[in-house]
Amino acid sequence: MHRPDLDLDALRVLTLVADLGSISAAARAEQISQPSASKRIQSLERQLGLELLDRRTRGATLTDHGRVVTGWCRAVLDATDTLVTGSQALAARDLAQLSIGASQTIAEYLAPSWLGEFHRRGGQPPVHLRVANSQGVIGALRSHEIELGFVETPTIPSDLVSRQVARDRLVLVVSPSHRLARRRTPVTRDELAAMPLATREDGSGTRDTLEVAVGRPMVAPAVELDSNAAVKVLVGSGAYPAVISELAVAGELRDGRLVEVPLGDLDLSRSLDAVWRRGTRLRAAAQHLLATARPVTAPTRTR
């Protein structure tokens with residue numbers, strides 16, 4: 001069944017004719033000429049295949065069909081007004097807040113300084129930061145819940161644009177009481193693949209980076225945790241080693257609460273990236289924030 005593309009202006013003129021009693025009065029209310037108003041009604045009648053006005057009487061009288069159709073027109077126009085008003089409210093809300101997302105490592109150790117710099121530069125509007133793992137940030141971008149994201153995953157989906165904002169390095173760490181703390185030869189790729197680790201949850205950028213870098217099947221994790229803080233507490237207890245961001249354990253390595261175990265034939269450096277939806281243009285506030293996310297390189301430690 002063919003559905004005609006109805007002209008909302010014609011629907012509005014018809015309701016005005018019903019309310020005001022004549023085409024000329026409806027035309028004045030719409031600030032158009034009477035011939036233009038008549039033409040809109042005639043076009044609507046052709047599209048619907050119905051006679052809506054009785055033009056044989058003085059003025060303009062709705063036919064029986066015209067009265068029924070006018071009731072439907074009012075419902076359509078009310079729904080249209082709701083759509084426009086609601087959309088404007090949503091747009092105003094978006095302008096009043098910049099929604100971004102960041103993976104946990106970035107949110108904990110880099111984003112605070114970026115947001116502080118954004119504020120010092122007079123950044124507006126206020127920023128709402130959503131913290132998730134890298135896959136969660138990507139999902140929020142795709143569902144339009146955030147405008148700009150920051151992730152640490154080694155693989156950026158093709159529907160997103162990315163820009164490097166920092167470099168990081170994953171390190172193998174243990175408690176000072178762990179047997180690996182006394183090891184002097186580097187841990188090999190094969191040894192690491194066979195080592196039960198305390199790891200971040202599936203979907204985190206840290207875990208994805210490790211699995212891609214190792215490049216072979218790894219033994220199942222000893223335990224999976226959903227935050228860097230939880231991983232550090234468990235490692236500090238002496239239970240398990242972990243591979244974690246150097247940004248996350250810089251303080252613990254500096255004061256000796258954790259010990260870095262050297263790795264041999266494995267490069268665990270990684271890119272930290274800003275991402276946004278391909279084909280969209282970032283608003284000025286998002287571009288301003290992106291400009292404050294300067295590249296930062298974690299200091300390299302040697303044993």
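Start with confidence. The mean pLDDT of the protein is 90. A score of at least 70 is reached by 92% of the residues. Among the elements, strand 5 (residues 148-151) has the highest mean pLDDT, 98. The lowest, 83, belongs to helix 4 (residues 64-96). One stretch needs care. Residues 297-303 have a pLDDT below 50. The model still gives this stretch 19 contacts beyond near neighbours in sequence. Where pLDDT is low, predicted coordinates should not be read in detail.

Now turn to Arg270. This residue lies in strand 11 (residues 269-277). Its relative accessible area is 4%, under the 20% cut-off, so Arg270 counts as buried. What surrounds it? Leaving aside residues up to four places away in sequence, Arg270 touches Thr105, Glu152, Ala166, Arg167, Asp168, Leu170, Gly205, Thr206, Thr209 and Ser245. With Thr206 there is also a polar contact between side chains, at 3.4 Å.

Next come the salt bridges. The model has 19 of them. Take Glu117 and Arg120. Their closest N and O atoms are 3.1 Å apart. Both residues sit in helix 6 (residues 111-120). They are three residues apart, so about one helical turn separates them.

Other salt bridges reach across the chain. Arg142 and Asp159 meet through their side chains, 2.9 Å from N to O. This pair links distant parts of the chain, 17 residues apart. Arg142 belongs to helix 7 (residues 134-142). Asp159 is in the loop between strand 5 and strand 6 (160-174). Arg142 is partly exposed, with a relative accessible area of 45%. Asp159 is partly exposed too, at 33%.

Arg216 and Asp190 form another salt bridge, at 2.1 Å from N to O. Arg216 is partly exposed, at 36% relative accessibility.

Salt bridges can also share partners. Glu117, Arg120 and Arg121 are joined into one network in this way.

Note on methods: Residues are numbered from 1 along each chain as its sequence is written. This is a predicted model: local features need pLDDT of at least 70, side-chain atom pairs count only at pLDDT 80 or more; totals for chains, interfaces and linings use all residues. Side-chain values use heavy atoms; hydrogens and water are left out. pLDDT is the predictor's confidence in each residue, from 0 to 100. Helices (H or I, at least four residues) and strands (E, at least two) are DSSP runs, numbered from the N terminus. Contact means heavy atoms within 4.5 Å. Buried means under 20% relative accessible area, exposed over 50%, partly exposed in between (1.4 Å probe, protein chains only). A polar contact is a pair of N or O atoms within 3.5 Å; within protein, one must be able to donate a hydrogen and the other to accept it, and residues adjacent in sequence count only if both atoms are side-chain atoms. A salt bridge is a side-chain nitrogen of Lys or Arg within 4 Å of a carboxyl oxygen of Asp or Glu.
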